[in-house]
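Thanks for coming, everyone. Please have a look at the structure on the screen, and then I'll walk you through a few spots.

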Amino acid sequence: MFANIDYYAGDPILGLMDKFVADPNPNKVNLGIGIYYDENGQLPVLDCVKTAEQRIANPIAPRPYLPMAGLPGHRQACQDLLFGKDAQILQQGRVATIATLGGSGALKVGAEFLHEWFPQSKCYVSDPTWSNHIAIFEGCDIEVGSYPYYDKASSSIKFDEMIDFVKKLKKQDVLLLHPCCHNPTGMDLTQQQWDTLLEVIKQHELIPFMDIAYQGFGEDMDSDAYAIRKAVDMGLPVFVSNSYSKNLSLYGERVGGLSIVCPTADEAERVFGQLNFVVRRIYTSPPAHGGHVVDIVMNDDKLYQQWVNEVYSMRDRIKAMRLKLKSILETELADFDYNFDYITRQNGMFSFTGLTTEQVERLQSEFGVYLVSNSRMCMAGLNVNNVDYVAQAMATVLKG
């Protein structure tokens, strides 16, 4: 019956985790999967989350189904964080927001909605992008193409090429964009570049789909949402998928949200209804625990400020590791023609190192240092105990 079923080769990033676990090297370092680890190499539980979970457990309560769209407090938290608490569009009721199964679930529901109501639209992702972006949209029968983005030779953004490409797209084509902490390159557009790009999007009546999984890890909560809020100010309809996996360290709870900014409150109500219908067809309602954590932390002024401070501590630790890695590499390779400025120009959890596939494989086999094959390094996996070792290993393979 199942003899003709194809084998699944596995996800390259999650598969890398299995390979890392099986490696007997006592000095091994996992810089592949996009997870934030603290200075001791441990997955942290944020203090604000501990407080929220204590409230949830006191007293232990029944577990009813949530509404299809999730908890109202969760949805409100997404809107306030993305658009600002005093945003006019929120007062006007022009945003349709649902709680989702992480950022991936938000992308899936958004893609299903687009396929249903904009069947002629094609989706374009950055070259490169997170590989699951392509899989999710293609899995919804949406044709996926790519737009120019990263220049490996200069470790910069091909902005002019990107703009020229976008100008040639058809009306209501979808542009999947990273508002901050671009995955996998770490290279973000400047605010001026965002202004230019969004103007082109408006002129050509394209649909921007902003995927923000790392808000707070770039500059700050507001600056990281600049592209989203600028699009709103320009009157653009915009899709936004957001995740709390990283900035609340709730990876296994699968907590995210999908928000769609609409021209009118009436349209937002209709869109909201159709998003509920998509959810009903897939999983009926989101899980409760993570949603309650978001609700409690984000809607309590004291806990919210504690959370922001904890996120900024994580951000600053990553930035410190960037500086340390860059410094060691520059010292070790002072006699070679390498420029490591890209390490500190990049934002967020990832760095696109530019290493070849062979060099990445050598890091794994000789040193137990694991990067994604495209040379993406998760900077959050570095700490004071392993950064020297990783830098020495990188220097060795770069020397040839």
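One definition to begin: two strands pair if DSSP finds at least two bridges between them. Keep in mind that this is a predicted model.

Now, strand 7. Strand 3, residues 123-127, pairs with strand 7 in the parallel sense, over two bridges. In one of them, C123 is the bridge partner of V174 in strand 7. Strand 8, residues 207-212, also runs parallel to strand 7, and four bridges join them. Here L176 has F209 of strand 8 as its bridge partner.

Which way do the side chains point? V174 and L176 point one way from strand 7, L175 and L177 the other. All four are buried. In general, side chains in a regular strand alternate between the two faces of the sheet.

On to the cores. The largest nonpolar core has 105 residues. L175 is among those with the most contacts inside it, and so are F83 and W307. Helix 13, residues 301-332, gives the largest share of this core, 11 residues. A second, separate core has 30 residues, including V125 and I260.

Last stop: D188. It sits in the loop between strand 7 and helix 8. D188 is buried, yet has no salt bridge. How far away is the nearest side chain of opposite charge? That is R322, 8.4 Å away. What does the D188 side chain have close by? A polar atom of it lies 2.8 Å from the backbone nitrogen of C181. For the backbone nitrogen of H182, the distance to a polar atom of that side chain is 2.9 Å. D188 also touches Y149, I157 and N347, among others.

Conventions
Residues numbered from 1 in each chain as written. Predicted model: local features only at pLDDT ≥ 70, side-chain atom pairs only at ≥ 80, totals over all residues. Heavy atoms only, no water. Core = buried A, V, L, I, M, F, W, Y, C linked by side-chain atoms within 4.5 Å. Buried < 20%, exposed > 50% of the residue type's maximum accessible area, 1.4 Å probe, protein only. Lys, Arg positive; Asp, Glu negative; His and termini not counted. Salt bridge = Lys/Arg side-chain N within 4 Å of Asp/Glu carboxyl O. Polar contact = N/O pair within 3.5 Å; in protein donor to acceptor, adjacent residues only side chain to side chain. Contact = heavy atoms within 4.5 Å. Lists of a residue's contacts leave out its neighbours within four places in sequence.
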